[in-house]
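Let's take a quick tour of a protein fold, one piece at a time. Keep the picture beside you and find each part as it comes up.

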Amino acid sequence: MSPFEELSNEIDQISKLHSKSRLVRVLRRIEYWRRRYWTNETIPFEWVGEGGAPVGEPIEVVHMTLYDMMEHQVGGILTRKILLEGLRVNAVQKLGFERLDQWHGKTTVQPRWV
């Protein structure tokens, strides 16, 4: 099984159990706080062109325009949505980019399930 398939299975389990169990929601909240404040790691999402089905509305992400900051910010936002809201997403499509100033930009992304 590939790492992407393992990730998809894990996200599928999280989204199925999110609405059924309060204990799962509490454990996922602890996992979110651990990822955000102690390790600063996000769930590794697949970046796709047109593959998969869109999930929800497009998301506008404001980020620094330094190397790899857009991917990290998008990963952080989608990690929060998966762990805290039970959203079923395993891929992201970049829709557009707008430069706000020298150091900041705004990227529009569409969450997807492949």
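Start with helix α2: its buried residues pack against α1 (3–18) and α3. Keep in mind that this is a predicted model.

**Helix α2**
- Helix α2 runs over residues 22–39 and has 18 residues.
- From its first C-alpha to its last, α2 reaches 25 Å, close to the 26 Å expected at 1.5 Å a residue.
- Which residues of α2 are buried? They are V24, E31, Y32 and R35.
- Look down the axis of α2 and you'll see its buried residues fall within an arc of 100 degrees, so they line one face of the helix.
- Turn to the other side of α2 and you'll find R22, L23 and W38 exposed.

**A closer look at R35**
- R35 sits in helix α2.
- Why does R35 count as buried? Its relative accessible area is 14%, and buried means under 20%.
- If you skip the neighbours within four places in sequence, R35 is in contact with N40, E41, T42, I43, T79 and L83.

**Helix α3**
- Helix α3 covers residues 69–85.
- With 17 residues at 1.5 Å a residue, α3 should span 24 Å, and its end C-alpha atoms are 23 Å apart, which agrees.
- The buried residues here are M70, V74, G75, I77, L78, T79, K81, I82 and L83.
- What covers those buried residues of α3? The cover includes the helices α1 and α2, plus the strands β1 (46–48), β3 (59–64), β4 (91–99) and β5 (104–113).
- After α3 comes G86, which has a positive phi near 75 degrees.

**The largest pocket**
- The largest pocket holds about 280 Å³ of space.
- Its lining is made of Y32, R35, R36, N40, E41, T42, H72, Q73, G76, I77, T79 and R80.
- Both α2 and α3 supply at least two residues each to this lining.
- Which element gives the most to the lining? That's α3, with 6 residues.
- Sort the lining residues by kind and you get 2 nonpolar, 6 polar and 4 charged.
- Two names to look for again are Y32 and R35: they are part of this lining, and they are also among the buried residues of α2.

**Loop residues with a positive phi**
- N40 is in the loop between α2 and β1, and it is one of the residues lining the largest pocket.
- The phi of N40 is near 55 degrees, a positive value in a residue other than glycine.
- D68 lies in the loop between β3 and α3.
- D68 isn't a glycine either, yet its phi is positive, at about 70 degrees.
- Is D68 buried, exposed or partly exposed? Its relative accessibility is 41%, so D68 counts as partly exposed.

**V48 and its partners**
- V48 is found in strand β1.
- Leaving out neighbours within four places in sequence, V48 is in contact with A91, V92, Q93, R112 and V114.
- How many residues apart in sequence are V48 and Q110? They are 62 residues apart along the chain, but their C-alpha atoms are 9.9 Å apart in space.

Terms used: Residues numbered from 1 in each chain as written. Predicted model: local features only at pLDDT ≥ 70, side-chain atom pairs only at ≥ 80, totals over all residues. Heavy atoms only, no water. 1 Å grid on protein atoms, 1.4 Å probe; cavity = no way out; pocket = protein on both sides within 12 Å on 5 of 7 lines; lining within 4 Å. Points joined across faces, edges and corners; volume = space filled by probe spheres on them. Helix = DSSP H or I, 4+ residues; strand = E, 2+ residues; numbered from the N terminus. Nonpolar A, V, L, I, M, F, W, Y, C, P; charged D, E, K, R; others polar. Expected span 1.5 Å × (residues − 1). Buried < 20%, exposed > 50% of the residue type's maximum accessible area, 1.4 Å probe, protein only. Arc of directions from axis to C-beta. Contact = heavy atoms within 4.5 Å.
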